[in-house]
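Work through the exercises below with the sequence and the model at hand. Each task is followed by a solution in steps.

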Amino acid sequence: MPDAEMNHDETQENWYASPFDDDKLKEECGIFGVVGVADAANFVALGLHALQHRGQEAGGIVSHDPEAGFQSARRFGYVRDNFTSHKVMETLPGPVAIGHVRYSTAGSKGQTAIRDVQPFFGEFSMGGAAIAHNGNITNADALRRELVERGSIFQSSSDSECIIHLMARSMGRNIPDRMEEALRKVEGAFSVVAMTRTKIIGVRDPLGVRPLVLGKIGDGWALSSETCALDIIGAEFIREIEPGEMVVITDKGVQSHFPFRPQKSRFCIFEHVYFSRPDSILGGRSVYETRENIGRELAKEAPVDADLVCPVPDSGTPAAIGYALQSGIPYAMGIIRNQYMGRTFIEPTEQIRNMGVRLKLNVNRALIKGKRVILVDDSVVRGTTSRKIKEMILDAGAAEVHFRIASPPTAWPCFYGVDTPQREKLLAATMSEEEMRDHLGVNSLKFITLDGLYRAVGQAKRDNDSPQYCDACFSGEYPVAPSDQITKGFELKAAE
């Protein structure tokens, strides 16, 4: 299959990362597919642009045209910089295409090889197929060893490539059958969009950890990680793909079946808190409204006398609005985000690096001076950015600084498609809430409780015997045992 990126340098530094981004959980990946429309790759590029928040490291598109066959383009960096020129897009003709934006949750770290950029492609006896995967395969190491011993030759370091090799070894009669057989051997979390010459295929793992939705555009169909990407191409949101469901879609319609053993859904609750765009719909609920509800619950659980409620932009904004509405304390933009930080600081000097968070955020001094300020953020991971923001607020003359966090303490790593630091690097894994308050040097620090978070997403409380969501990063209760990590020595939470 021709690939427009074959002459690209083999590796690329993570130039897009700002100097303090290691203090946020990294979004997983975004996937998008279209069938039954002319120039499908153009729609995929637009969809990936809307999903850019889910992965800024690299992106790729595969299309198929009856005359040109399968075509592929893979690039490092943002969609807007790579998939908007006619020179690239005219190499991706045809009525069917899929795409992927990537942040490396598995595979190479610190630098990325072009061979790790999805979608992955395989040529089978019944024709070619490409696959894009959002999530993380928790038994990928074991699968890779087994496949290599049987003669498979891997081209990438990505866990997702295991699916292609498992499909190649399947005796299924067609691509959907082979994918079904391959995914039965996979553990962990996966939402998959795949394509053949005439169809796209969407699959969610039986727990439904990662999102996937179905849309209708004209006479064609679309699959997407989030509804916001359907909006950008003018597609109608039809429904979510159900946990454990496989849909096979041609220009003639949608066929659905459930090939896996039914299990209770454990959708990632952090999608509501941070990962998904606020203009998306999850489980029939507006993400923005859910985040505002989180802020309201946080105000009920952790009130404090103050003069202003300020978000840590941009992810803390809806929760800060909810906190202000519930508490009656005025909402204010006390911190202003520089929207244009990016390539200017690809290789900043040491002096600029030491400026840290000030490159991206600046305090509205006239507003803050002399005020008791409540800062609302979505999470605390390592705490490095929180300390810098606190220092900026105090330098601007604030009388008091109170942190309110719109998620419970992040004390456990995620193994289902989120790049999380090792447990010992998570602040909440080594410190109590009071110790964290002292470490950050703020007047008070409070996190929403796990029950409060469940109430905000529409549950009365968390069912401790059978949780309604995957909340392992807060609770340490993993719905799928991370077998590769356990083999490497990771210790699960002791039974209470």
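**Exercise 1.** Locate proline 303 and state whether this residue is buried or exposed.

Step 1. Proline 303 sits in the loop between α9 (287-301) and β19; helices (H or I, at least four residues) and strands (E, at least two) are DSSP runs, numbered from the N terminus.
Step 2. The relative accessible area of proline 303 is 57%, so the residue is exposed. The classes are buried under 20% relative accessible area, exposed over 50% and partly exposed in between, with a 1.4 Å probe and protein chains only.
Step 3. Apart from neighbours within four places in sequence, proline 303 has contacts with Tyr323 and Arg404, where contact means heavy atoms within 4.5 Å.
Step 4. The C-alpha atoms of proline 303 and lysine 446 are separated by 9.3 Å, and the two residues are 143 residues apart along the chain.

A note on the source: this is a predicted model, in which local features need pLDDT of at least 70 and side-chain atom pairs count only at pLDDT 80 or more, while totals for chains, interfaces and linings use all residues. Residues are numbered from 1 along each chain as its sequence is written, and side-chain values use heavy atoms, with hydrogens and water left out.

**Exercise 2.** State how confident the prediction is, and where the pLDDT is below 50.

Step 1. The average pLDDT, the predictor's confidence in each residue from 0 to 100, is 90 for the chain, and 88% of the residues score at least 70.
Step 2. The pLDDT is below 50 over residues 106-110, a stretch with 12 contacts beyond near neighbours in sequence. Residues 342-348 also have a pLDDT below 50, with 6 such contacts.
Step 3. Where pLDDT is low, the predicted coordinates should not be read in detail.

**Exercise 3.** Find which peptide bonds are cis and which non-glycine residue has a positive phi.

Step 1. Most residues other than glycine have a negative phi, and most peptide bonds are trans.
Step 2. The bond from glutamine 118 to proline 119 is cis, with omega near 5°; proline 119 belongs to the loop between β6 (111-113) and β7 (120-124).
Step 3. From proline 313 to aspartate 314 the peptide bond is also cis, with omega near -15°. Aspartate 314 lies in the loop between β19 (308-311) and α10 (317-327).
Step 4. Aspartate 39, in the loop between β2 (29-35) and α1 (40-50), has a positive phi of about 50°. This aspartate 39 is partly exposed because its relative accessibility is 44%.

**Exercise 4.** Describe the surroundings of threonine 196 and isoleucine 393.

Step 1. Threonine 196 occupies the loop between β9 (188-195) and β10 (200-204). Its relative accessibility is 7%, so threonine 196 counts as buried.
Step 2. Leaving aside neighbours within four places in sequence, threonine 196 touches His64, Phe70, Val96, Gly128 and Ile175.
Step 3. Isoleucine 393 has contacts with Ile335, Val363, Ile368, Leu375, Ala398 and Val401, not counting residues up to four places away in sequence.
Step 4. Ile393 is among the residues with the most contacts inside the largest nonpolar core, together with Ile368 and Leu375; this core has 71 residues. Such a core is a set of buried Ala, Val, Leu, Ile, Met, Phe, Trp, Tyr and Cys residues joined through side-chain atoms within 4.5 Å.

**Exercise 5.** Summarise the whole chain.

Step 1. The chain contains 18 helices and 25 strands.
Step 2. It has 496 residues, of which 59% count as buried.
Step 3. Among contacts with a separation of 6 or more, 70% join residues 24 or more positions apart.
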